[in-house]
Amino acid sequence: MRFKNKVVIVTGAGSGIGETTAIKFAKEGAKVVIADIDPKNGKRVSDIISKSNGSALFVETNVASFETVNQMVDKTSIEFGSPDILINNAGINVFGEPLNMPDSEWKRAFSVDLDGVWFGCKAVLPHMLKKNKGCIVNVASVHGIQIIPNCFPYPVAKHGVIGLTKALAVDYASKGIKINSISPGYIDTPIVERFFQTKPNPQEARKEAENHQPIKRMGTTDEIANVIMFMSSDECNYMIGANIVVDGGITLRMHENDDTGAG
Ligand SMILES: NC(=O)c1ccc[n+]([C@@H]2O[C@H](COP(=O)([O-])OP(=O)(O)OC[C@H]3O[C@@H](n4cnc5c(N)ncnc54)[C@H](O)[C@@H]3O)[C@@H](O)[C@H]2O)c1
């Protein structure tokens with residue numbers, strides 16, 4: 001029960017990594033706010049938690065709008081108390097070819113994947129600063145440190161998430177606020193399945209992706225949630241502005257099956 005009575009907000013908790021993270025926080029005693037744009041899934045996750053005697057509140061939230069994020073944080077404070085931990089997890093894949101991509105796609109990616117993270121931080125920080133204590137974990141991606149061709153502009157936004165994390169971490173470290181990011185690799189979630197479904201042979205695409213990993217499989221949402229929870233706990237209070245890569249080794253390897261030794 002590392003998080004007994006802690007008030008934890010998880011954005012994008014209606015699915016995938018956010019869902020698992022919210023459920024695990026609740027199992028460890030947290031009062032969890034499910035902040036998602038999708039009411040059906042948001043309520044589903046909130047019901048899962050309530051049915052196992054956990055504390056959960058679904059608040060319909062579009063992270064791309066500061067106003068609704070701020071309202072969600074106000075509601076959190078009224079219902080559960082002021083937030084202790086924010087997991088900025090909501091995100092969308094926007095992949096394209098730079099010059100063939102309409103401006104609206106650039107704006108869509110940035111509004112959720114970067115503005116959404118900033119809006120979450122901007123809304124909770126005043127509450128955390130009042131207590132001189134708080135923790136934020138931003139969910140970036142391996143796309144935040146490396147580039148895969150034809151995935152523009154998602155990696156630009158995710159690089160931004162890591163930059164935003166570092167900038168805020170330094171500004172608020174002396175005020176008792178701990179801000180870090182996590183960069184998951186290929187994690188088996190609905191966002192990834194939807195990506196495979198855009199391919200001519202989704203099953204083949206999945207197999208290929210798995211084979212491409214040094215660990216020969218995708219990660220699980222549990223494997224990401226476990227690290228997010230460690231990063232949110234008092235066990236790592238000296239970690240400030242770090243980006244923890246949890247990717248089965250994919251970003252360590254330069255070439256696949258490269259036995260030439262070529263540098
Ligand atoms: N799955 C992966 O392989 C992977 C890898 C690296 C990073 N990530 C990142 O992890 C995070 C979670 O991804 P996932 O795979 O669990 O995705 P997912 O699609 O399963 O879940 C994302 C959730 O975010 C919600 N959401 C989308 N737009 C929103 C908005 N504007 N406001 C509020 N909620 C919104 C969705 O409704 C959904 O419930 C994302 O930031 C993603 O970029 C995922």
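Me: Just after helix 2, which residue takes a positive phi?
Reply: Helices here are DSSP runs of H or I with at least four residues, and strands are runs of E with at least two, numbered from the N terminus. This is a predicted model, where local features need pLDDT of at least 70, side-chain atom pairs count only at pLDDT 80 or more, and totals for chains, interfaces and linings use all residues. Residues are numbered from 1 along each chain as its sequence is written. Just after helix 2, a positive phi of about 65° is taken by asparagine 53.

Me: Which residues of helix 2 are buried?
Reply: A residue is buried if 20 or more other C-beta atoms, placed from the backbone, lie within 10 Å of its own, exposed if 12 or fewer, and partly exposed in between. In helix 2, the buried ones are Asn41, Gly42, Val45, Ser46 and Ile49.

Me: Which exposed residues does the face turned away from the buried side of helix 2 carry?
Reply: Let's look at the other face. Turned away from the buried side of helix 2, it carries Pro39, Lys40 and Lys51.

Me: What covers the buried residues of helix 2?
Reply: Contact means that C-beta atoms, placed from the backbone, lie within 7 Å. The cover includes helix 1 (16–27), strand 2 (31–36) and strand 3 (55–60).

Notes. Contact = placed C-beta atoms within 7 Å.
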